[in-house]
Amino acid sequence: MTTCLPTIITASAEDLAKRFAALDRAVAESRLGPIMVPGYHLEGPFLNPADGYAGCHPPQAMTAPDAELVFGLEADLSRPILLVTLAPELPGSEAVIRVLSRAGKIVAVGHSSADADTVAMAAEAGARMSTHLGNGVPQTLHKLDNTIFAQLAEEHLHASFIADGIHLPRPALKTMLRAKGIDRSILVSDAVSAAAACPGRYSFAGMDIEHGTDGSVRLPGSRYLAGSALTLDQAVGNVVRWQLASPEEAIRMACDNPRSMLAPALRAHGLPIPPAGHVSWSEDGEILQVEHGGTVHRRT
């Protein structure tokens with residue numbers, strides 16, 4: 001919970017380069033960025049542009065997977081791109097997954113219609129995670145033969161979940177955690193600029209988003225979710241209060257599991273494994289105090 005990978009979503013190659021450069025500067029110049037951010041997450045543009053799968057990502061900017069685009073985007077950054085989310089059903093995906101995996105990147109499946117055979121291919125090629133499983137798919141799917149079940153069943157993939165009660169209904173999250181198992185489950189926030197903010201309109205990735213009174217974040221007037229207003233400590237508290245995991249299991253999913261998954265990518269890039277910052281929790285899953293980088297941060 002004291003380390004994170006900020007995400008840049010789908011855009012043109014030119015805009016991606018500008019956004020990564022701005023993000024890199026912001027991280028380097030911030031007080032906690034240099035010790036909390038070892039690298040970045042590229043979610044797109046290698047996603048499925050079909051309605052529903054694209055979500056709030058602009059489909060017109062999506063392209064076939066291209067490892068050289070990833071390497072080019074990170075060439076002038078002070079920190080590498082450590083995680084790449086793509087749709088493995090797109091042309092050329094298998095080769096790109098192999099190249100990125102050999103380069104020490106974590107490759108994740110997301111915004112994808114991949115069936116069981118395609119998911120298995122991606123895992124064999126080196127993919128290791130599902131990005132916010134259960135989201136980035138159309139509202140209407142085959143009831144059993146669909147990409148959610150295919151990814152849940154793939155033993156080589158960890159899965160990340162947005163535990164806000166909006167992206168995944170509680171019974172669905174309970175079932176997914178049971179299927180994937182605590183050791184292969186990761187809690188993520190998918191937080192955007194509306195996170196921890198009052199309801200209203202905000203700017204995100206060149207578009208307007210609306211944080212509703214129900215806690216959801218959507219494209220205005222659309223049914224499509226556009227990230228979340230969730231913070232990770234809220235996710236930990238939610239799964240505990242909803243009796244989906246013990247406090248120890250919830251913290252493991254938010255902290256230890258992603259740290260373990262990130263470790264090989266950090267080693268491959270010659271980066272140190274960040275020390276696990278000490279987090280003090282209340283009985284109901286709220287953060288009381290964080291010790292990180294020699295500094296104590298207390299909840300106010």
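Guide: A definition comes first: Ala, Val, Leu, Ile, Met, Phe, Trp, Tyr, Cys and Pro count as nonpolar, Asp, Glu, Lys and Arg as charged, and the others, Gly among them, as polar. Keep in mind that this is a predicted model.

Start with the second largest pocket. Its lining holds 10 nonpolar, 2 polar and 1 charged residue. The space there comes to about 170 Å³. The lining has 13 residues, and Pro-34, Val-37, Pro-38, Pro-272 and Pro-274 are the closest to the pocket's centre.

The largest cavity has a volume of about 50 Å³. Its lining is made of 14 residues. Nearest its centre lie His-111, Leu-133, Asn-135, Val-137 and Gln-151. By class, this lining has 10 polar, 4 nonpolar and no charged residues. Helix 6, residues 147-153, contributes the most to it, with 3 residues.

Next, the nonpolar cores. The largest has 31 residues. Phe-20 and Leu-42 have the most contacts inside it. At least two residues of this core come from each of helix 1 (13-29), strand 2 (40-43), helix 3, strand 3 (81-86), helix 4, strand 4 (106-109) and helix 5 (116-125). Take Leu-42 as an example. Leaving aside neighbours within four places in sequence, Leu-42 touches Ile-8, Leu-16, Phe-20, Val-70, Leu-73, Ile-81, Leu-83, Val-84 and Thr-85. There is also a second, separate core of 27 residues. Among its members are Ile-162, Leu-173, Met-176 and Leu-230.

Helix 3 (residues 67-74) meets helix 4 (residues 93-102) at an angle of about 35°. Their axes are 9 Å apart. Helix 3 brings Ala-67, Val-70 and Phe-71 to the contact, and helix 4 brings Val-96, Val-99 and Leu-100. By class, that contact has 6 nonpolar residues, no polar and no charged ones.

Finish at helix 8, residues 232-241. This helix is mostly covered, with 7 of its 10 residues buried. The buried ones are Asp-233, Ala-235, Val-236, Gly-237, Asn-238, Val-239 and Val-240. Just after helix 8, Gln-243 has a positive phi of about 60°.

Key. Residues numbered from 1 in each chain as written. Predicted model: local features only at pLDDT ≥ 70, side-chain atom pairs only at ≥ 80, totals over all residues. Heavy atoms only, no water. Axes fitted to C-alpha atoms, helices over the stretch in contact; angles between N-to-C directions. Helix = DSSP H or I, 4+ residues; strand = E, 2+ residues; numbered from the N terminus. Contact = heavy atoms within 4.5 Å. 1 Å grid on protein atoms, 1.4 Å probe; cavity = no way out; pocket = protein on both sides within 12 Å on 5 of 7 lines; lining within 4 Å. Points joined across faces, edges and corners; volume = space filled by probe spheres on them. Core = buried A, V, L, I, M, F, W, Y, C linked by side-chain atoms within 4.5 Å. Buried < 20%, exposed > 50% of the residue type's maximum accessible area, 1.4 Å probe, protein only.
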